[in-house]
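Hi,

Here is the structure you will be working with. Please open it first, then read my notes on its pockets below.

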Amino acid sequence: MFHPALSASRQAAGQYQELREAVLADWPDFFPCRAPGASPRCLTCPLFGYFVTELQARIPAMTSEGVERDLLAWSMPQQVFPYEESLLAQGLLLFRAGMSLSAVQRLSGMGQRDFLRRRLLAAGLMKGLADCTGAEQARCLALVEQGWSLIDIEDETGIVIDHLQAWLSPEQWAVAKGRKYSEHRRRYALDIYQAGADNHTIFMETGIDPQTVGEWAKELGIRRPIVVQQGRRGIDYHRKRSEAARLQAEGYGFDKIGELLVVSSDTVRRWLREIRVS
């Protein structure tokens, strides 16, 4: 009979392998890497960051025996400009895979957003003014009216934000440029904080300093579940993401799932989109 700790370790290893196979089953065909995590060089590769992000989206919070499991953490070292062409090529691949421009920046370590934006535009992966339809213009204007920041609109639509100036009045443009964080992103950060996301996850998913989110939460009286695993919080968060997928499979809608999990319907929609359930 195995010692309980050894049994739990074997179980965790088996679960990790199942999750890894699930991520690789959806691995983009255009990614040159077919074995993420197999080499020490992966620790400085943006595509490995994509792998970890996808794995985190699927990882259960607990083993079936109720043993807490450490959650993966990974961050790309900040890269120095000018960037190597191989790094830029990987950034373009991440964008093609559906990552937002902000997510590409975080996973690649490329802080020069304007430079990266120009490369994506030149590659035909982002849209300029002449490429936009009337419906896309209307959507961007609606997001401005809803209080979204320019960066969030760019992340959501893939339309270069500088071109929005042609669609807005000088007053609207000045207000939009002054928004550091839109209410949309602020609400999402508070949602996942309340759901139990750890600081690493908050930053990777929102780009907002976790300390800032903590200050917002304190002002609003929002508390984060205290579930600690080796100094990190996040157990409840990942459990809720998995639960959202299960509830949708049972026929529940976004609003009802949000009500049951105590998060907004927009957060539920984003979770399900990210784990390819919706």
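By class, the lining of the second largest pocket holds six nonpolar, nine polar and four charged residues. Keep in mind that this is a predicted model.

Let's stay with that pocket for a moment. Its space comes to about 400 Å³. The lining of the second largest pocket is made of 19 residues. Nearest its centre lie Ser102, Gln105, Arg106, Phe203 and Gly207. Two helices, α4 and α10, each supply at least two residues of this lining. Which of them gives the most to the lining of the second largest pocket? It is α10, with four residues.

Now turn to the largest pocket. Its volume is about 1,200 Å³. The lining has 42 residues. Find Ser100, Glu205, Arg270, Arg273 and Glu274, as these lie nearest the centre of the largest pocket.

Start with α2, which brings the largest share, seven residues. By class, the lining of the largest pocket divides into 16 charged, 13 polar and 13 nonpolar residues.

Best wishes

Definitions and conventions: Residues numbered from 1 in each chain as written. Predicted model: local features only at pLDDT ≥ 70, side-chain atom pairs only at ≥ 80, totals over all residues. Heavy atoms only, no water. 1 Å grid on protein atoms, 1.4 Å probe; cavity = no way out; pocket = protein on both sides within 12 Å on 5 of 7 lines; lining within 4 Å. Points joined across faces, edges and corners; volume = space filled by probe spheres on them. Nonpolar A, V, L, I, M, F, W, Y, C, P; charged D, E, K, R; others polar.
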